[in-house]
Amino acid sequence: MEKKILVTRSSLPPLEEYVEEIRDIFESHWLTNMGEKHAALTEALRSFFGVPEVTLFQNGHLALEFALQALGIRGEVITTPFTFASTTWAIVRSGLTPVFCDIDPETYTMDPAKLEALITPHTAAILPVHVYGTLCDTEALADIAARYHLPLIYDAAHAFGVRRDGKSAAAFGDMAMFSFHATKVFHTIEGGAICCHDSELSQKLFRLKNFGIQENETYCIGGNGKMNEFEAAMGLCNLRHFPEEIAKRKRVYEQYLDLLADVTGLKLPTKQVGVTPNYAYFPVVFLDTYGETRDEAAERLQAKGYYPRRYFYPCTNAFSFLGQRYAPESTPIAAAISRRVLTLPLYADLEAADVEEICRILRREA
C-alpha cells in the first residue's frame, strides 16, 4: 500500500473508554438537546479555560456566526485575510462587511500597528485570529478596542490550551471562539465553543443556538447550533488525554526544529515569550535563499508519500466570491506569507522516522 502521511490525523481515546462514556446515553436515550454529557463537558471546559461562561456549539463556524449575531451589530468588522475561509464567511453570512488588516511578519497574526488606520465610523467590531497556536498581540489589541469602544472577538480555533502568562487564550477579548473539529489538538469530532465573561451574552448565545427559544416559550430569531451527546462524550474523553496529546505533539515539533534549524532559506516558527504553546501546527516559510519554491518542495514531499498543506493559501481577500472590492495586494505581508508557507505533517502519533524522512527531503538529502 502506498504511503500517505497527511498533514494531520485525528487523535482518539481508547475505544473501551469511549464505549463506557456513551453507555449511559444508550440507557437514557437522550441523544441531544443539552443532556448530561453536554453539561459535563461545559463544566469541564469552564474549569480548563478558567472562564465563567462557555457555550458549546455544533461547530466552530456556527459558533462564530452566532457570536457576531449576538452582538447585534451592523457595518464593518476588521479582521485578517491570513485565516481559514470560515472566519471571513462568518462575517459575510452575518450581514457584515469584512475589512482586512495586514499581519505581523513574525507571528502571522493581525498587526496592531496597521489596525487603527482602518477604523472608521462604520467599524462595528474587531476580529483577530490566533494562527497556528501563536497568540495575537492581545494587549495592544485590547487597548485599541477599548479606546474605540469596539467589541473584540477572537477566532481562537487554533489556540486550544494556549496560555499567556498563565492566562488562557479563552480569557482574552469580549469573546473567544474555539473549534473542536476532528483535526484540532482537542476535538469533539465536530464542535466548537464561545467563551466569554458576560452571563447575559452567554444566555443570548444559548438561545440563538437553540432556535431562539426563550424561557417563556416565545421566540427570537435563532438557529440550530447544538452539540449532541456523542460529541460531548468524545470531548470528555479527549480532555482527559489532552496533556499526553500535547506531550506527543511537542516531541514531533521539537524534532522538526532540531532537524531543520540549519537549513538556509527555511523560516521556522519562533517561541513566544511567556506563552505556553499547544504545538498545533508546524509552518515553514520558504524564502528565496532556499533555492526552490514552496510548491516545488511540496511536490517532492508528495512524491514520497507526505502531504503537507498550503495553509493558508490563498488569502481570503483574494476570493473571487467577494467581488472586485478586495485584493491581496492591500495586505502585502499576508499575501507574501500565503504564497510561501507550508504546514508540515504533525500529529501525536507521527513516527519519528517519518519526521526524519520529511526533514531529509527538505534538506535535499533524500
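Before reading off any side-chain pair, I noted that a polar contact is a pair of N or O atoms within 3.5 Å, where within protein one atom must be able to donate a hydrogen and the other to accept it. I also kept in mind that this is a predicted model.

**Entry on Thr 55**

With that definition in hand, I looked up Thr 55 and found that its side chain makes a polar contact with the side chain of Ser 202, at 3.2 Å. I placed Thr 55 in strand β2. Is Thr 55 buried or exposed? I count Thr 55 as buried because its relative accessibility is 3%, and buried means under 20%. Leaving aside neighbours within four places in sequence, I listed the residues in contact with Thr 55 as Gly 192, Ala 193, Ile 194, Ser 202, Leu 205, Phe 206 and Lys 209.

**Entry on strand β2**

I then went through the whole of β2, residues 53-57, and noted that five of its five residues are buried. Taking the strand by its faces, I found Glu 53, Thr 55 and Phe 57 on one side and Val 54 and Leu 56 on the other, with both faces covered. Which strand pairs with β2, and in what sense? I recorded strand β10, residues 192-196, as pairing with β2 in the antiparallel sense over five bridges. Within this pairing, I saw Glu 53 standing opposite Cys 196 of β10.

**Entry on helices α2 and α7**

Next I looked up how helix α2 (residues 36-49) packs with helix α7 (residues 229-240), and wrote down an angle of about 35° with the axes 8 Å apart. I noted the crossing of α2 past α7 as left-handed. On the α2 side, I found the contact made by Glu 36, Lys 37, His 38, Ala 40, Leu 41, Ala 44, Leu 45 and Phe 48, while α7 contributes Glu 229, Ala 232, Ala 233, Gly 235, Leu 236 and Leu 239. Sorting the residues of this contact by class, I have nine nonpolar, two polar and three charged.

**Entry on the three-stranded sheet**

Last, I looked up an open sheet of three strands, which I wrote down in the order β8-β7-β12, with antiparallel pairing. I marked β8 (167-168) and β12 (275-276) as the edge strands, since each pairs on one side only. For strand β7, residues 163-164, I recorded two bridges to β12, and I found Arg 164 opposite Val 275 in β12.

Notes
Residues numbered from 1 in each chain as written. Predicted model: local features only at pLDDT ≥ 70, side-chain atom pairs only at ≥ 80, totals over all residues. Heavy atoms only, no water. Buried < 20%, exposed > 50% of the residue type's maximum accessible area, 1.4 Å probe, protein only. Helix = DSSP H or I, 4+ residues; strand = E, 2+ residues; numbered from the N terminus. Pairing = 2+ DSSP bridges. Axes fitted to C-alpha atoms, helices over the stretch in contact; angles between N-to-C directions. Left-handed = near helix turned anticlockwise from the far one by under 90°. Contact = heavy atoms within 4.5 Å. Nonpolar A, V, L, I, M, F, W, Y, C, P; charged D, E, K, R; others polar.
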